[in-house]
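Please read it beside the sequence and the model.

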Amino acid sequence: MDAEQYGSLTYKQTASYHEKLRAQVFRNAEKDFGGLGITLSEISFKDANEASSWKKLWPKPEKAATWDWVRLYNEHHGRGGARRFDMAIRRGGTLHGLCYGMMERNRLVLRLHALERSPVNNELAGKVLDITLYAADLYASINGAQEIWLCDPVSPAHTRLYQSKGYSPVTNWRDDVTHLMLRLK
């Protein structure tokens, strides 16, 4: 869909358009990661509530994310969430990871604001990030985005991990990493 057609959509049409895109991305990613037996879906309130309890389960507090998944759920599923990219990753019915992001209005940048995996008994511990970045890349590419941003990394270790996936750090005037960016082709 070109920019002019997209710009003429009503809120309801925009929400429906992105809902269909997310479903398409989920099915493609499930197929492409078929050997893992994953199921991808939009985040439910139950998922957000479960993930909010993960904070106290991390053996190293510096690895714990600081966001409140229930608050994010309410924000992203409200009126402003038509262009959201939200994804829950399950295997065998168990929740292993979540991601919230938002496509900019002009669809040039997909910003991923929150990304976390379950800290305990996670069979997908080394794969959640790969699955998420793959699905985000599909979603961004279908929308014609030029960049994906990983916003507010939790720690320097996360920054290094994202850099190992091809993302470049962007800093503010104090040299703090504000986000990491991947330019799409």
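Within the largest nonpolar core, which has 35 residues, Phe-85, Leu-110 and Leu-112 touch the most other members; such a core is a set of buried Ala, Val, Leu, Ile, Met, Phe, Trp, Tyr and Cys residues joined through side-chain atoms within 4.5 Å. Helix 5 (128-142) is among the elements that give two or more residues to this core, and its eight residues form the largest share. The model is predicted, with local features requiring pLDDT of at least 70 and side-chain atom pairs pLDDT 80 or more, whereas totals for chains, interfaces and linings use all residues. Residues are numbered from 1 along each chain as its sequence is written, and side-chain values use heavy atoms, leaving out hydrogens and water.

**Core**
- Leaving aside neighbours within four places in sequence, Leu-110 is in contact (heavy atoms within 4.5 Å) with residues including Phe-85, Tyr-139 and Trp-149.

**Salt bridges**
- The structure holds twelve salt bridges, each a side-chain nitrogen of Lys or Arg within 4 Å of a carboxyl oxygen of Asp or Glu.
- Arg-22 and Glu-42 meet in one of 2.8 Å, N to O; Arg-22 is buried at 2% relative accessible area, while Glu-42 is partly exposed at 25% (buried is under 20%, exposed over 50%, partly exposed in between, with a 1.4 Å probe and protein chains only).
- Arg-22 and Glu-42 also belong to a salt-bridge network with Arg-84 and Asp-86.
- Glu-147 pairs with Arg-183 in a salt bridge, with the closest N and O atoms 2.6 Å apart; Glu-147 is buried at 12%, whereas Arg-183 is exposed at 58%.

Terms used:
Helix = DSSP H or I, 4+ residues; strand = E, 2+ residues; numbered from the N terminus.
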